[in-house]
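Subject: Structure handover

Hello,

Here is the structure for you to look over. My notes on one helix and on the charged pairs follow below it.

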Amino acid sequence: MSRMGDTIRSARVKAKMTEKTLGKKCGMAENVIKDIEAGRRIVSDDQAQRILKILGVKNPISEELEVAAEPDVPLRPRPRPYKLPTTEAEPQPAGDNAAWLDALGGVVKRVPVTDEDSNVVDHVLVPVVGGKIEGGAPDKVFYFRCPDDALRGYRVHAGDLLLCVPAQKVEDGAISLFLLNGRRVARKANKLDGNRVHLQSYDREFTSQTLPAAEARVLAKCVKLERRL
């Protein structure tokens, strides 16, 4: 077990609460609580504080939970967006740059950076390893540029880039890209009983919503965070 897992388990036992009951109060699946207590899952500092508060632990902030406050990261000015054509090939740089990229086509890939409305706002050169980019097909992966601080509690800030690999199923405990109300949003997802999905965001306060799995349309799994200085 981890030190934090031991702390949470001791507080839960003292509160005479089961893992399932604690999970419901925290908006997490029972197996997630079990994994945290067993040290198989790393819990964020904010989540740990929230769990301990629910368990009735007074002043849960301790040396093992305290972290330096991270300054707000201002959103970089947006480049002029454009839409990728649906029937033509992706626009390629002209001149020497085009020839250079063509020569390195099997080594690096010019991956598009998209916003919440699917506009392409930039490109990033990403290495191709074994014909894949982080396990995904090079022509399918893309970056999602976070428009706000909805995942600030998970150390993902406005302007950060999340490398996305297309997916059709929700992965429990992972940050994924969803289509909600016609817009793409990144959320941390947990599977619940009854074929439901719990979507979490955490700016300065923890917020969540529970949806039937059929309504939580997952677009991709976020596999890598890139923060530009």
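A definition to start: buried means under 20% relative accessible area, exposed means over 50%, and partly exposed is in between (1.4 Å probe, protein chains only). By that scale D172, at 21% relative accessibility, counts as partly exposed.

This is a predicted model, so local features need pLDDT of at least 70 and side-chain atom pairs count only at pLDDT 80 or more, while totals for chains, interfaces and linings use all residues. Residues are numbered from 1 along each chain as its sequence is written, and side-chain values use heavy atoms, with hydrogens and water left out.

Helix α1

Helices (H or I, at least four residues) and strands (E, at least two) are DSSP runs, numbered from the N terminus. Helix α1 covers residues 3–14. How far apart are its end C-alpha atoms? They are 17 Å apart, which agrees with the 16 Å that 12 residues should span at 1.5 Å a residue. The expected span is 1.5 Å times one less than the number of residues.

The buried residues of α1 are M4, G5, I8, A11 and R12. They cover an arc of only 135° around the axis, which puts them on the same side of α1. That arc is taken from the directions from the helix axis to the C-beta atoms. As background, an α-helix has 3.6 residues a turn, so residues three or four places apart point the same way.

What do the buried residues of α1 pack against? Their partners are α2 (19–26), α3 (30–38) and α4 (45–54). Contact here means heavy atoms within 4.5 Å. The face turned away from the buried side carries the exposed residues R3 and K14. Just after α1, K16 takes a positive phi of about 55°.

Salt bridges

A salt bridge is a side-chain nitrogen of Lys or Arg within 4 Å of a carboxyl oxygen of Asp or Glu. The whole structure has 10 of them.

- R41 and D172 meet through their side chains at 4.0 Å, N to O. R41 lies in the loop between α3 and α4 and D172 in the loop between β4 (161–166) and β5 (175–180), so the pair ties together parts 131 residues apart in sequence. R41 is partly exposed, at 22% relative accessibility.
- D160 pairs with R227, the closest N and O atoms being 2.9 Å apart. D160 sits in the loop between β3 (142–145) and β4, and R227 in the segment after β9 (217–226), so parts 67 residues apart in sequence are tied together. D160 counts as buried at 1% relative accessibility. R227 is partly exposed at 35%.
- E171 bridges to K221, with the closest N and O atoms 2.9 Å apart. E171 is in the loop between β4 and β5 and K221 in strand β9, so this pair joins parts 50 residues apart in sequence. E171 is partly exposed at 37% relative accessibility. K221 is partly exposed at 26%.

At 60% relative accessibility, R40 counts as exposed. Leaving aside neighbours within four places in sequence, R40 is in contact with K34 and D35. The C-alpha atoms of R40 and G5 are separated by 9.1 Å, and the two residues are 35 residues apart along the chain.

Best wishes
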